[in-house]
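The entries below follow the order in which I looked.

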Amino acid sequence: MLFVGLDMQDVTEDARTFTRHFNIDYLNIRDPTNDVARHYGATGVPETFFISARGDVVNHVIGVVSTAQLQAGIAAAVAGRPHAARQGGAQRPTR
């Protein structure tokens with residue numbers, strides 16, 4: 001399992017300061033052109049995409065991700081199957 005952060009709006013030093021401040025130790029990649037964010041259909045920050053080993057988006061959360069959403073998204077990614085949308089909250093269909 002791999003967690004990757006995508007920085008699509010900050011200058012490099014601001015992003016580094018943010019990751020240090022919040023003790024973020026997973027890989028973070030800068031997307032200076034927003035091409036990656038656009039490819040996945042990101043509409044803002046924060047957004048969390050859960051991607052299977054085959055590269056399929058199996059879950060997507062718009063806004064701050066809860067522990068339950070994180071667990072469900074990880075389970076969907078590991079299983080390689082889309083997680084059903086739940087009622088409430090700002091959610092978009094999985095691809």
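**Entry 1, salt bridges.** I began with Glu 13, which forms a salt bridge with Arg 16, the closest N and O atoms being 3.9 Å apart. I took a salt bridge to be a side-chain nitrogen of Lys or Arg within 4 Å of a carboxyl oxygen of Asp or Glu. Side chains of opposite charge can pair when their charged atoms come close.

I noted the source before going on: the model is predicted, local features need pLDDT of at least 70, side-chain atom pairs count only at pLDDT 80 or more, and totals for chains, interfaces and linings use all residues. Residues are numbered from 1 along each chain as its sequence is written, and side-chain values use heavy atoms, with hydrogens and water left out.

Where do Glu 13 and Arg 16 lie? I found both in helix H1, three residues apart, which is about one turn of the helix. Helices (H or I, at least four residues) and strands (E, at least two) are DSSP runs, numbered from the N terminus. Glu 13 has a relative accessible area of 42%, so I logged Glu 13 as partly exposed. Arg 16, at 46%, is partly exposed as well. The cut-offs I used are under 20% relative accessible area for buried, over 50% for exposed, and partly exposed in between (1.4 Å probe, protein chains only).

I then looked up Asp 35, which forms a salt bridge with Arg 38, the closest N and O atoms being 2.8 Å apart. Both residues lie in helix H2, three residues apart, again about one turn of the helix. Asp 35 is partly exposed at 45%, whereas Arg 38 is exposed at 54%.

A further salt bridge joins the side chains of Asp 56 and Arg 54 (2.7 Å, N to O). I have Asp 56 as partly exposed because its relative accessible area is 29%, and Arg 54 as exposed at 71%. Salt bridges that share partners join Glu 13, Arg 16 and Arg 20 into one network. How many salt bridges does the structure hold? I have four on record.

I listed three helices and four strands for the protein. Read along the sequence, the pattern is β-α-β-α-β-β-α. Of the 95 residues in the protein, buried residues make up 22%.

Most residues other than glycine have a negative phi, and most peptide bonds are trans. I looked for departures. Asn 23 has a positive phi, near 55°, and lies in the loop between H1 and S2. With a relative accessible area of 65%, Asn 23 counts as exposed. Asn 34 also has a positive phi, near 65°, and is found in the loop between S2 and H2. At 24% relative accessibility, I put Asn 34 down as partly exposed.

Is the peptide bond from Val 45 to Pro 46 cis or trans? I read cis, with omega near -5°. Pro 46 sits in the loop between H2 and S3.

Rolling a probe the size of a water molecule over the atoms shows where empty space is left. The largest pocket holds about 1500 Å³ of space. A pocket here is an open set of points on a 1 Å grid over the protein atoms alone, where a 1.4 Å probe fits, with protein on both sides within 12 Å along at least five of seven lines; lining residues have an atom within 4 Å of a point. The volume is the space filled by probe spheres set on the points, which are joined across faces, edges and corners.

I counted 41 lining residues, of which Val 4, Gly 5, Leu 6, Tyr 26 and Glu 47 lie nearest the centre of the pocket. The elements that give two or more residues to this lining are S1, helix H1 (12–21), S2, helix H2 (35–40), strand S3 (47–51) and helix H3 (67–79). By class, the lining has 27 nonpolar, nine polar and five charged residues. For the classes, Ala, Val, Leu, Ile, Met, Phe, Trp, Tyr, Cys and Pro count as nonpolar, Asp, Glu, Lys and Arg as charged, and the others, Gly among them, as polar.
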